[in-house]
Amino acid sequence: MNAISSREAERDNSSAVDQLPNGPVAAAILSAGIGCCALGILAVIGDGSAAAARLLTFYLPTGPLSGVTTTAILVWLLSWLILARRWRSKTVAIAKVNTVAFALLGLSLLLTFPPFADLLLGK
Amino acid sequence: MEISVRALASELHGMFIGGFFLMAVFGVIVELFKSKYVKQPSELTARGQSLRSFYLFVTPALGWIAVLMGAYIVYPWYRAIPPAIVGSLAGYPQRLLLSRPGTSGWHRVGMEWKEHVGWFAPMAITMVAYVMTKQRLVMKKYPQIRTAVLVFALVALVSGGIAGFFGAMIDNHAPVKGGATIHLVSEGK
């Protein structure tokens, strides 16, 4: 009797897993890529223009790094919030989401690498 | 035996919090690899679940404390601008590094990279911790999600490692020092 009810519970659990949408996880993965990429882009902008560097100086002792990182974190959290709301109960093409997130992550790593950023800025 | 407040803060930021963060991220990566080869169903006890959740809360917390402490406490000391006439650049690490061709690269490449790339680590590991804590069943269902989570965890380890490596090298060439002195052990005769 116990074995039967345990098997039934397992089956119920597995059907519940089958119905789980991947949207919330996809939102978390993609927004992490977006946040990292925003940081890379802002770092290059802050490095390339004195006006942008001034604008990004939220806290004088830390300089433009304060604005670059704070803005990137806001972009990350905001994109996470928006995507999570949109994809809350949806199942999305996770392979495509992964590809875009990895591309953004790779780009962000490149953009923060000073020799590459200098090349972009023609320094 | 004594240490300056700035040196202590720098060590806490890099060696202690940053070091523990890297070890914790490595643990997360091991757990992710392990979960790929576990026979199903494999369930933790309630106590095991709460310990796992605690671990996955502490790991990103260490990362955030490390980057915030680095950017808002240690970095201002590092980039301090010396007065027009100064006898020694010892209290101005950034200027000290830039004053010699042999060390300027530690700032131009090392610090410029470290100050940005280090932030990827807490962002990436926060996402990883969220998925591992709140979306475990979804991760079991979609193997591609496990791959993505693993890649982000590896990026957190590598970016944190880059920041840690350059932090240690920069501190080796131009340490952050100054401020009040803390006497750790009084010297005898």
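Okay, quick housekeeping. Residues are numbered from 1 along each chain as its sequence is written, and chains are lettered from A in the order in which they are written. Because the model is predicted, local features need pLDDT of at least 70 and side-chain atom pairs count only at pLDDT 80 or more, while totals for chains, interfaces and linings use all residues.

So, what is chain B built from? It has 7 helices and 2 strands; those are DSSP runs, with helices being H or I of at least four residues and strands E of at least two, numbered from the N terminus. Starting at the N terminus, the order is β-α-α-α-α-α-α-α-β. The radius of gyration, taken over C-alpha atoms, is 20 Å for chain B, well over the 16 Å from the globule rule for 189 residues, so chain B is more spread out than a compact globule. That rule is 2.2 Å times the number of residues to the power 0.38. The C-alpha trace spans about 70 × 40 × 25 Å along its principal axes.

Now, the meeting with chain A. Chain B brings 31 residues to the contact, and chain A brings 31 residues; two residues are in contact if their C-beta atoms, placed from the backbone, lie within 7 Å. On chain B's side, α2 (46-78), α4 (101-117), α5 (120-134), α6 (136-141) and α7 (143-173) each supply at least two residues. Which helix gives the most? That's α4(B), with 7 residues.
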